Amino acid sequence: YKLSVSPEMDIMEYCRKEWRGNTPAAKRMRKGYEAVAQKFASIRRIRGDNYCAFRATLFQALSQATQLPRWLQSEDFTMLPENLLSKYDWIKQWQLKQKPGKKMGEISDEIKEYLILLKKKWKNISEIKDPLEKQEACDKLFKNEEEEYSLYEALKFLMLNTAIELYNADKNGKRVPVFSWLLFARDTSSNPCQLMHNHLNHIGHSGGLEQVEMFLLAYALQYTIQVYRLYKYSTDEFITLYPNDPEEDWPVVTLITEDDRHYNIPVRMCQETML
């Protein structure tokens, strides 16, 4: 049993423990953490497997959720797997999270289950008014491995759906965000089918999210993901937004990374920042 999201710890205390030396890298990290500590008091460590970008983003989104996002409210949200499979036969090769001892049903039924779970959890947590109670509900959810990994499967499928929408929009001459060109300019993902085979199917197993896929995750959730990239301290990429031209009504979640591979989360905004 491993904690998915560790308890809070003072940010500067965490920094001192992790970055003791006097190398240029350690000095830069300390400066980076000092900058984050201007805004946030504490840090929570995220369990380091290949799902950590999902885990950090979803935990932050649920921790501050006060309502169900628009895309989760739509009637046909849970019909997504059936609708997509009726158009794209190749989605049958979606790599499902293997559950020991469970017979795999129809792929669309499995994914539908994950989407229903995502909607239910988001709704339940967003309806909790008391901040402490809300935090407890999030902590509890991220201690339930079975549910937690099912939610990541749902997120992956939403990313695939978003990629298909962007790809088709571009083919039909509509304007698409720049990251979408970059996503499909890679040799390994020149179309959504390749993206699924070479990237999405591997997330959580043999790899995490690449930078361009952070944009895709942000678009799928309709959230702005703000990341303190500590190794970029004192450059203009120190605070990076995915997407970099966010919609004004998208909520913002904040993550911290030291290397663009592993993500932790800052918590407890300092009082003066909130004002």
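**A walk through the predicted model**

Thr-78 is buried, with a relative accessible area of 16%; buried means under 20%, exposed over 50%, and partly exposed in between, using a 1.4 Å probe and protein chains only. This is a predicted model, in which local features need pLDDT of at least 70 and side-chain atom pairs count only at pLDDT 80 or more, while totals for chains, interfaces and linings use all residues. Residues are numbered from 1 along each chain as its sequence is written, and side-chain values use heavy atoms, with hydrogens and water left out.

Stay with Thr-78 for a moment. Thr-78 sits in the loop between helix H4 (70–73) and helix H5 (80–87). Helices (H or I, at least four residues) and strands (E, at least two) are DSSP runs, numbered from the N terminus. Setting aside residues up to four places away in sequence, Thr-78 touches Lys-112 and Ile-116. Contact here means heavy atoms within 4.5 Å.

Now the whole chain. The protein has 12 helices and 6 strands. Its radius of gyration is 19 Å, which agrees with the value near 19 Å that a compact globule of 275 residues would have. That radius is taken over C-alpha atoms, and the globule rule is 2.2 Å times the number of residues to the power 0.38. Along the principal axes, the C-alpha trace spans about 55 × 40 × 40 Å. Of the 275 residues, 51% are buried. Consider the contacts between residues at least 6 apart in sequence: 73% of them join residues at least 24 apart.

The surface comes next. The accessible surface is about 14,100 Å², and carbon and sulfur atoms hold 50% of it. Such areas come from the Shrake-Rupley method with a 1.4 Å probe; for residues, only the protein chains shown count as cover. As for charge, there are 38 positive and 39 negative side chains. Lys and Arg count as positive, Asp and Glu as negative; His and the chain ends are not counted. The centres of the two sets lie 3 Å apart, with each charge placed at NZ of Lys, CZ of Arg, CG of Asp or CD of Glu.

How is the chain divided? The domain assignment gives domain 1 (1–46) and domain 2 (48–225). Those bounds come from an automatic or database domain assignment. The contact between them takes 6 residues from domain 1 and 10 residues from domain 2. The C-alpha centres of the two domains are 28 Å apart.

Two glutamates on helices give a sense of distance. Glu-13 lies in helix H1 (residues 11–18). At 43% relative accessibility, Glu-13 is partly exposed. Its C-alpha is 49 Å from that of Glu-82, a residue 69 places away along the chain. Glu-136 belongs to helix H7 (residues 131–141). Glu-136 is exposed, with a relative accessible area of 54%. From Glu-136 to Leu-96, 40 residues apart along the chain, the C-alpha separation is 29 Å.

Move on to helix H11 (residues 211–221). H11 is mostly covered, with 10 of its 11 residues buried. Among them are Phe-215, Leu-216, Leu-217 and Tyr-219. Glu-213 is also one of the buried residues. Just after H11, Gln-222 takes a positive phi of about 55 degrees.

Ala-218 and Pro-246 are 28 residues apart along the chain, and their C-alpha atoms are separated by 9.2 Å. Pro-246 lies in the loop between strand E4 (239–242) and strand E5 (252–257). With a relative accessible area of 29%, Pro-246 is partly exposed. Beyond its neighbours within four places in sequence, Pro-246 is in contact with Thr-224 and Leu-241. The loop between E4 and E5 also holds Pro-243. A cis peptide bond joins Tyr-242 and Pro-243, with omega about -5 degrees.

Finally, two backbone angles to check. Asp-260 is found in the loop between E5 and strand E6 (263–269). Its phi is near 65 degrees, a positive value in a residue other than glycine. Asp-260 counts as buried, at 14% relative accessibility. Arg-268 is placed in strand E6. Arg-268 is not a glycine, yet its phi is positive, at about 60 degrees. Is Arg-268 buried or exposed? Arg-268 is exposed, with a relative accessible area of 54%.
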